[in-house]
Each structure stands twice: as structure tokens, then as C-alpha cells.
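Q: Can we go through this model? Start with whatever terms I need for helix packing.

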Amino acid sequence: MAKIFPFKAVRPKNGDTECFEMLFKEEYSAAGSSPEIIDAPLSSSQKSSKKFDLMQAGRSFAYLNNRYNDFKSQQILIRDPKPAVYIHRITKEDNEFTGIILATSLDDYEKGDIVKHEDTILPRVERFKEYLAEARFTTEPVLLTYGDDKKLNKWVKSNMSGKPDYIFETVGHDSHALWKIDDETQLDLLTSLFESIPNLYIADGHHRCASSSMLAREDHNAGANCFMSFVIPESQLKIYGFDWMINGLNGYSETEFLAKLSETFAVTECESAFRPKNEREFVMYLHKKAYVLTLRQAPATDTIQDPHILLDTIIRPLLAIEDIRSDRRIGYEPGKNQIGKTLELIDKNVFDIAFFLCPPKFSSIKKVADAGLTMPPKSTYIEPKFRNALVVYEL
């Protein structure tokens with residue numbers, strides 16, 4: 001059982017998160033974009049940009065803390081007087097996501113009551129830990145999920161009956177609404193409802209959890225022992241994969257590489273690249289040709305997912321990338337993006353080869369997590385994505 005906590009959030013006055021982000025634009029650029037998305041996959045343009053160079057140079061994040069406190073003193077940012085949780089509804093295209101923003105315990109993360117399913121990329125964990133240590137606040141929660149619960153759903157619905165504290169639209173016509181809940185009776189009821197939930201699962205934010213955990217070993221401030229989370233039922237998740245892109249064929253010619261692949265896969269050329277919809281099927285794009293790769297022998301257990309297979313049959317043995325957590329020859333594009341973006345990176349020789357994977361079902365992800373195993377980094381791209389700085393958590 002993972003414990004949940006209300007907290008005193010700092011919020012942009014009148015919900016003006018765009019103002020908050022614009023005020024920090026210079027510092028966010030120095031950090032390699034928003035601090036909360038430092039752990040995102042690096043595109044080819046970021047790798048060569050001045051922004052990325054600045055991030056690598058390690059500019060101090062302490063300046064962010066100074067600016068942040070200036071905004072508080074000017075009442076651009078206000079702190080809620082009482083601990084609260086915050087119901088947040090995101091309406092995006094045809095999808096609606098409704099969850100609760102609250103604080104969760106790093107002790108529960110360390111004990112395994114908050115369950116991870118994906119490995120992290122160590123340099124990004126260390127970089128974000130430095131951000132947390134110096135900036136002393138975070139503006140994007142970890143996305144946690146749980147099996148749907150009727151009583152929790154009823155609590156959320158009943159506490160959305162009043163007028164939202166914020167309601168606004170963002171670029172792309174996404175709609176956001178926020179309800180602050182600080183009534184002690186309702187908070188006690190919510191706490192008791194979560195006591196019946198056996199585990200919370202990390203859907204998105206493995207790097208933020210790992211960074212927070214790393215910092216907590218050094219910093220015993222009470223705020224550093226928790227992290228902000230956005231908790232939603234697993235039925236609301238939208239799961240995509242990542243496109244994996246590699247520089248180099250490890251000395252193989254195209255013909256030699258295809259021959260090596262055929263030892264493990266049935267290799268069939270197809271008219272154009274696509275993202276597969278069936279597990280155990282891969283699509284490869286190489287030298288402007290697309291191939292379907294079908295595994296000749298099924299894996300021994302259902303805890304072995306497609307990213308494991310790609311890693312163990314191609315990435316490590318054929319392409320000689322042993323540690324994808326640190327090897328810069330590998331890059332990723334979210335599977336939610338148009339496939340043409342990945343194909344263009346290959347056609348322009350930014351990368352040499354791309355692999356497209358079927359996104360896993362969350363039931364499959366839970367099997368991996370419940371077995372105490374993890375998937376490789378960037379195995380999943382999961383929505384909803386949070387609106388940055390809607391709620392700020394102070395360490």
C-alpha cells in the first residue's frame with residue numbers, strides 16, 4: 001500500500017502557467033528546455049544545438065531558485081494556505097484524463113509499493129537530481145496509475161461538482177480544469193480509499209523518481225522525502241511506443257546485416273515503413289527500404305517484452321551497443337509523432353537504421369513490474385502529459 005499526502009502547492013496567479021513558463025524561458029533554455037523534460041529523448045537537432053551544449057556545460061540551477069522566489073514575493077506565484085490535493089481534468093482531442101495531484105513517498109518507491117517498470121538513463125537522472133538540489137521545486141508530477149476503483153471514481157466525481165478553481169485552453173485547444181480539495185473530511189476519506197489500493201505503478205516519470213530518490217539520500221529535508229504525483233486509473237492511459245534509431249551497422253554491409261537478422265527473424269521486405277500493431281513483430285527501415293521482422297521462436301516467458309527482444313537479438317549482439325543507458329549511438333522518437341519524422345532522420349543520415357515496435361498493453365507492463373523486472377529505457381510513451389507549472393511542489 002502506497003501512502004498519499006496533501007501538500008501546500010504554489011500556483012501561478014489566475015492559473016497563468018504560460019506566464020510562468022515565459023518568465024523562465026532563458027533559464028529553461030540553459031537547462032536544455034523545461035527542467036521537467038530533461039529526461040525526454042534527445043532529438044538530432046538537440047544534440048547539435050547551442051541549447052544542448054549549454055545543458056552539457058552544467059549551468060547552475062540555483063539562479064532558477066532566485067527567480068522563483070522573486071515571483072513569489074511579487075505574488076505572480078501564490079502558495080495555498082492549507083494542504084490540499086488537486087483534481088485535474090485534461091481534455092485533449094477525443095480523450096479525457098481525470099486524476100488527482102498529490103504527494104507520494106520516496107520510502108514507498110524504495111520499498112516497491114510504488115512500482116517501476118522501466119530502466120533509466122543515468123546521465124539524465126544525475127542531471128535532474130542537480131536541478132532538484134539547486135532549484136528546490138518541481139513543476140511536473142510523476143504519472144502514477146492504479147487498477148480502476150469504483151469508490152475512488154465516485155470520490156473524484158463528487159468533488160468535481162463545484163466550479164473549478166482554474167479552467168483554460170492551451171495551444172492545440174487542449175482544455176484544462178483544476179479543483180482544489182482542502183476539506184479535511186474529504187482528505188481523510190481519500191486517504192482511506194487509497195489504503196485499499198495494493199500498489200501504485202509508475203506510468204511516466206521514472207527519471208524523476210530516480211532523481212528524487214538519489215537526492216533524498218543526501219538531503220533529509222521533509223519536502224525532499226516525497227515527490228509530486230498525478231494519479232489516474234489505468235483505463236485512462238494512452239500507451240505508445242518509441243521508435244529506436246541507431247548510428248552505424250557495426251561494420252556490416254546491408255547484405256551482411258540482413259543475413260545476420262535472418263538467423264533470428266523471418267525478414268520480409270514491404271512497400272513502406274509502418275508501426276506494427278502485433279506484439280512480436282518489428283518493422284525496420286534501412287537505406288530507404290522497409291522490412292517486417294517476425295521472430296522465429298517465441299520467448300520463454302510473457303515477461304519478455306518487445307523492447308527486451310530488440311535489445312537482446314539486435315541492439316547488443318549485432319550493433320554492439322551494450323549499455324543503451326549511456327551510448328550516444330542510439331536515439332528515440334515518441335511513437336505518438338508522425339512516422340515521417342523518424343524516416344526523415346534516417347533518410348538524412350542523422351541515423352542509419354530505425355526500428356518500430358508495437359506499444360505494449362498496460363497489463364503486459366504490470367506483469368514485468370510485478371515480477372520485479374524492468375523494461376529498457378524509452379520502451380513506452382504514455383499519456384496524459386501534464387501541463388507544466390499548473391501546480392508547483394516545493395522541496
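A: Angles between axes under 35 degrees count as roughly parallel, over 145 as roughly antiparallel, 65 to 115 as roughly perpendicular and the rest as oblique. Axes are lines fitted to C-alpha atoms, for helices over the stretch in contact, with angles from 0 to 180 degrees between N-to-C directions.

Q: What kind of model is this?
A: The model is predicted: local features need pLDDT of at least 70, side-chain atom pairs count only at pLDDT 80 or more, and totals for chains, interfaces and linings use all residues. Residues are numbered from 1 along each chain as its sequence is written, and side-chain values use heavy atoms, with hydrogens and water left out.

Q: How many helices and strands does the protein have?
A: There are 14 helices and 21 strands. Both are DSSP runs numbered from the N terminus (helices H or I, at least four residues; strands E, at least two).

Q: At what angle do helix 5 and helix 7 cross?
A: Roughly 40 degrees, and the axes of helix 5 (residues 62-73) and helix 7 (residues 122-135) come within 7 Å. The two are therefore oblique to each other.

Q: Which residues meet there?
A: From helix 5, Ala62, Leu64 and Asn65; from helix 7, Tyr131, Glu134 and Ala135. Contact means heavy atoms within 4.5 Å. The residues of this contact comprise four nonpolar, one polar and one charged. In that count Ala, Val, Leu, Ile, Met, Phe, Trp, Tyr, Cys and Pro are nonpolar, Asp, Glu, Lys and Arg charged, and the others, Gly among them, polar.

Q: New topic. Which residues of helix 14 are buried?
A: In helix 14 (residues 362-370), Phe362, Ser364, Ile365, Val368 and Ala369 are buried. Buried is under 20% relative accessible area, exposed over 50%, partly exposed in between (1.4 Å probe, protein chains only).

Q: Why the same side of helix 14?
A: Because they cover an arc of only 155 degrees around the axis, taken from the directions from the helix axis to the C-beta atoms.

Q: What do they pack against?
A: Strand 6 (114-115), strand 8 (142-146), strand 11 (200-204) and strand 13 (238-240).

Q: And what follows helix 14?
A: Gly372, with a positive phi near 75 degrees.

Q: Is Glu383 buried or exposed?
A: Glu383 counts as buried, because its relative accessibility is 3%. Glu383 is in strand 20 (residues 381-383).

Q: What does Glu383 touch?
A: Leaving out residues up to four places away in sequence, Glu383 touches Lys92, Phe97, Leu143, Gln236, Leu237, Lys238, Tyr240 and Lys336. Of these, Tyr240 is in strand 13.
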